[in-house]
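Subject: Structure handover

Hi,

Here is the structure I said I would pass on.

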Amino acid sequence: MKTEIIDLSEEQVEVLEIALSEHDKNYINYKTEGSISIGITCDGEVIAGLDACMTAFKILYISTVFVDERYRRMGYGKMLLEEAEKRAKKLGANVIRLDTFGWQGKDFYKAMNYEQVGYYKNDVDDYEEYFFLKRI
């Protein structure tokens with residue numbers, strides 16, 4: 001039997017994702033669909049935004065939170081997270097999770113009552129990453 005590592009095509013990746021999804025049905029018996037993409041505008045310009053999607057086990061994963069530097073510390077990040085939490089409940093989420101680098105929002109998420117559940121430091125590339133969750 002000859003095995004080798006290959007580069008996958010987009011179609012092959014899709015086949016694997018479908019297979020994984022079918023396998024997961026043995027453990028997840030409810031829909032994990034839905035997303036949240038919200039923003040805040042000022043004079044027609046998007047100054048802040050948040051993007052998130054539902055994942056397995058009723059977890060909303062927040063992939064992006066950003067507030068333009070000119071508008072930080074004005075409560076816009078808090079507004080985004082609070083709105084996302086409300087919408088997450090409507091989607092059926094009971095946990096929100098996110099990750100952030102050391103120079104981003106770790107103190108902000110702690111202030112918003114997110115629990116730090118993981119951390120690592122990469123000395124080679126000089127960064128830290130933090131993992132948070134909030135039960136809702």
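To start with a side chain: is glutamate 22 exposed, partly exposed or buried? Glutamate 22 comes out as partly exposed, at 43% relative accessibility. On this scale buried means under 20% relative accessible area, exposed means over 50%, and partly exposed is in between, with a 1.4 Å probe and protein chains only.

Before the rest, some housekeeping. This is a predicted model, so local features need pLDDT of at least 70 and side-chain atom pairs count only at pLDDT 80 or more, while totals for chains, interfaces and linings use all residues. Residues are numbered from 1 along each chain as its sequence is written, and side-chain values use heavy atoms, with hydrogens and water left out.

Salt bridges

The count is 8 salt bridges, taking a side-chain nitrogen of Lys or Arg within 4 Å of a carboxyl oxygen of Asp or Glu. Glutamate 22 is in one of them, with lysine 25, where the closest N and O atoms are 2.9 Å apart. Lysine 25 counts as exposed at 51% relative accessibility.

Another bridge links arginine 87 to glutamate 83 at 2.8 Å, N to O. Both residues lie in helix 2, 4 residues apart, or about one turn of the helix. Arginine 87 is partly exposed at 37%, and glutamate 83 is partly exposed too, at 26%. Within it, aspartate 68 and arginine 70 meet at 3.0 Å, N to O, and aspartate 68 is buried, with a relative accessible area of 18%.

Strands

Helices (H or I, at least four residues) and strands (E, at least two) are DSSP runs numbered from the N terminus, and two strands pair if DSSP finds at least two bridges between them. Strand 1 (residues 35-42) and strand 2 (residues 45-55) are antiparallel over 8 bridges, with isoleucine 36 opposite alanine 52. They form a hairpin with 2 residues between them, and aspartate 43 in the turn has a positive phi of about 50 degrees.

Strand 2 also runs antiparallel to strand 3, again through 8 bridges; here glycine 49 faces phenylalanine 66. This hairpin has 3 residues between its strands, and phenylalanine 57 in the turn has a positive phi of about 60 degrees.

Pockets

The search ran on a 1 Å grid over the protein atoms alone: a pocket is an open set of points where a 1.4 Å probe fits, with protein on both sides within 12 Å along at least five of seven lines, and lining residues have an atom within 4 Å of a point. The largest pocket has a volume of about 700 Å³. Of its 25 lining residues, Arg72, Gln104, Gly105, Phe108 and Tyr109 are the closest to the centre. Strand 3 gives the most to that lining, with 6 residues.

The second largest pocket holds about 220 Å³, and its lining includes Glu17, Asp24, Tyr30 and Ala56. Lysine 25, the partner of glutamate 22, is also among the lining residues there.

Cysteines

There are 0 disulfides, using a cut-off of 2.5 Å between cysteine sulfur atoms. Cysteine 42 is partly exposed at 25%, and so is cysteine 53 at 34%.

Cheers

Conventions. Points joined across faces, edges and corners; volume = space filled by probe spheres on them.
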